[in-house]
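Please look through the structure below, with attention to its charged side chains and to one of its sheets.

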Amino acid sequence: MRKIIKIVLLIGALCSLCACAPKINNVTLSTNTCEIVQDETYKLSYVVFPENASTDELVWKSADESVATVEQDGTIYAKAVGQTTITVSDGTQVFSSCSVTVLEKSAYLQLNEEEKTFVDAFLLHIDAFKNPSSVEIRNVFFVPATDTTTDFWEVEVSAQNGFGGVSNEIYYLHADTGFSKSILPSNASSGYDIDLINKAIKEALDD
């Protein structure tokens, strides 16, 4: 008799739990399209119907995980430039979807910390050139501090001159004291990504 009572109570408890958490019949996402920069994340907010339904049964999926993946809380991680679709379902029925476009990171964000420091310092002085948009970095050489000098960069720059032509000049660039012409080039290579540095400078000028 006691065993029967326990079984009845267990069944009643299970029925009570089911009654408190009805099955989801629809999900509305906060957006159906989004753009995310590569290596960044974006969390999709959503509303389930009925409102008191449990979200444990939701299944999030990316159509192309090489472009973006999605966590089971709706957080999207952008992995590579491209497009994919994020869906949310109960495992059989798709409730909603979001078209995701992953954009390339800006050139500045792709720079390492040393390159960013150089670009920040160089942009402070770019208006010293007659036509800043014509500026192109040809080479950069970092010179560490000594007992008598502070850190500086030796920079080879190609830019439009005052006569309508283009000149190549070597400059000393000090992060704290300014910008001046150099007498002789070092002919040393910094190991910096010059193409990416030029892209970052162009992006800053276009903003």
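**Salt bridges and a sheet**

K23 counts as exposed because its relative accessibility is 57%, where exposed means over 50% relative accessible area, buried under 20% and partly exposed in between (1.4 Å probe, protein chains only). This is a predicted model, in which local features need pLDDT of at least 70, side-chain atom pairs count only at pLDDT 80 or more, and totals for chains, interfaces and linings use all residues. Residues are numbered from 1 along each chain as its sequence is written, and side-chain values use heavy atoms, with hydrogens and water left out.

K23 forms a salt bridge with D90, with 3.8 Å between the closest N and O atoms; the term means a side-chain nitrogen of Lys or Arg within 4 Å of a carboxyl oxygen of Asp or Glu. K23 lies in the loop between α1 (2–20) and β1 (26–29) and D90 in the loop between β8 (82–89) and β9 (94–103), so the pair ties together parts 67 residues apart in sequence. Helices (H or I, at least four residues) and strands (E, at least two) are DSSP runs, numbered from the N terminus. D90 is buried, at 16%.

The whole structure holds 6 salt bridges. Another of them joins K43 and D73 (3.8 Å, N to O). K43 sits in strand β3 and D73 in the loop between β6 and β7, 30 residues apart.

Strand β3 also belongs to an open sheet of 3 strands, ordered β3-β7-β6 with antiparallel pairing; two strands pair if DSSP finds at least two bridges between them. The edge strands, β3 (41–43) and β6 (68–70), each pair on one side only. Between β3 and β7 (residues 75–78) there are 3 bridges, and Y42 stands opposite I76 in β7.
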